Amino acid sequence: MVKLDLAHVQVFRKRLSSGERWEYHQIRGVKGSTFWKCREGEKPDTDEYHAAYKQAARPPRSADRFGSIVDAYFDSGEFRMLSPRTKKDYRRWADEIRTKFGSAPIAAFELAKIRQVAMSWRDQWDGRNADYAWTVLRLIVSWAYERGLLREHHLRGGGRRYTTDRSDIIWTESDVSAIEEGGPPHVARLLRAAVETALRPGDLVKLGRQHIHQTPLGRRLQVRTAKRGRIASIPVTPAMGRLIDETPAGRMLLLVNAKGLPWTEEAASKAVMRARKAVGLRDELRLYDARGAGCTRLLRARATLSEIAMVMGWSPAYAAKMLAVYAALDPAASDEVLVRLNEARNV
């Protein structure tokens with residue numbers, strides 16, 4: 001990161017034909033580096049001034065180095081269209097990629113050997129981090145290849161090392177009841193909404209009255225999901241209906257923290273983990289795992305298997321697997337869920 005050093009700023013003053021005097025700020029000794037202009041006497045102490053300085057003071061890109069492709073991707077419209085959470089995750093790897101590959105000639109990525117080098121770089125991390133490192137690097141290479149900035153693409157496919165199956169890590173009704181009985185009320189509402197809607201935490205914390213729609217068959221929640229940008233139309237179950245009805249009339253958000261403020265995704269996940277620990281539930285349970293229980297609520301609310309798969313971003317086959325697993329883990333729901341599952345399969 002470029003440090004702001006006003007000793008490196010040179011200021012020129014010019015009187016305009018109108019009589020006004022203006023200041024022009026540039027990097028000392030660098031022609032054409034003007035990054036700020038203002039009326040004489042104005043104090044350039046804003047965040048915008050600092051950001052403009054850092055941009056101007058950034059070392060020039062070398063057009064024949066891979067670092068220029070990395071920078072171009074993170075300046076691209078495709079990157080700007082990603083969700084805030086995804087952009088944050090990708091930026092975490094930008095410096096790692098620049099450090100390792102930034103000074104490499106672009107031509108090096110057109111040689112088959114680059115795959116071996118990239119995998120060796122990936123292997124310095126473990127588990128999910130290794131896969132994320134590979135995913136972001138491969139994404140940048142794919143982006144450059146599609147735009148003709150690279151003539152070859154040697155990072156296609158493969159590269160993943162971390163695999164996990166969390167299909168049997170699901171919140172049962174007894175787990176949810178334990179949080180409702182022994183946990184903070186605002187966390188209990190959060191978890192209840194999670195298992196009744198099957199929404200991802202990032203969408204769950206934004207759930208508000210504007211998402212509630214009345215239909216001839218009852219209320220539904222219509223939410224544009226952040227990950228895929230699709231409209232999810234979710235039946236309001238009886239338990240979710242009670243949660244909605246118990247929300248104070250003047251509050252637009254259905255879920256808020258202990259201070260009555262909006263949740264962040266990270267804070268919501270950590271709050272559920274603390275409540276889970278406090279009441280002595282299994283360590284592996286996370287807020288995200290509430291989606292498995294949520295799909296059964298949707299089935300019991302007369303959603304079809306195809307609707308559940310669409311809402312949750314699963315294939316129908318995987319949705320059926322999750323429903324069957326949950327029915328086995330939660331005997332209280334077993335008979336009804338399996339009957340509805342068989343009905344759905346026979347449609």
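The exercises below work through a predicted model of one protein.

Residues are numbered from 1 along each chain as its sequence is written. In this predicted model, local features need pLDDT of at least 70 and side-chain atom pairs count only at pLDDT 80 or more, while totals for chains, interfaces and linings use all residues; side-chain values use heavy atoms, with hydrogens and water left out.

**Exercise 1. The whole protein**

Task: State how many helices and strands the protein has, and what share of its residues is buried.

Solution:
- Step 1. The protein has 15 helices and six strands. Helices (H or I, at least four residues) and strands (E, at least two) are DSSP runs, numbered from the N terminus.
- Step 2. Of the 347 residues, 41% are buried. Buried means under 20% relative accessible area, exposed over 50%, and partly exposed in between (1.4 Å probe, protein chains only).

**Exercise 2. Asp 175 and Glu 284**

Task: Locate Asp 175 and Glu 284, and decide for each whether the residue is buried, partly exposed or exposed.

Solution:
- Step 1. Asp 175 belongs to helix H7, which covers residues 173-182. Its relative accessible area is 8%, so Asp 175 is buried.
- Step 2. Beyond its neighbours within four places in sequence, Asp 175 is in contact (heavy atoms within 4.5 Å) with Ile 170, Leu 281, Arg 282 and Leu 285.
- Step 3. Glu 284 sits in the loop between helix H11 (265-278) and helix H12 (290-300). Its relative accessible area is 36%, so Glu 284 is partly exposed.
- Step 4. Glu 284 and Ile 170 are 114 residues apart along the chain, and their C-alpha atoms are separated by 9.4 Å.

**Exercise 3. A sheet and a helix across it**

Task: Give the strand order of the sheet that contains E4, E5 and E6, and describe how helix H10 lies on E4 and E5.

Solution:
- Step 1. The order is E4-E5-E6, in an open sheet with antiparallel pairing. Two strands pair if DSSP finds at least two bridges between them.
- Step 2. Strand E4 (212-215) and strand E6 (231-235) each have a single partner strand, so one side of each is left without a neighbour in the sheet.
- Step 3. On average, neighbouring strands of this sheet are turned by 35 degrees against each other, direction ignored.
- Step 4. Strand E5 (residues 218-224) is joined to E6 by five bridges. Val 223 stands opposite Ala 232 in E6.
- Step 5. Helix H10 (residues 238-246) lies across E4 and E5 and runs at about 80 degrees to E5. Axes are lines fitted to C-alpha atoms, for helices over the stretch in contact, and angles run from 0 to 180 degrees between N-to-C directions.
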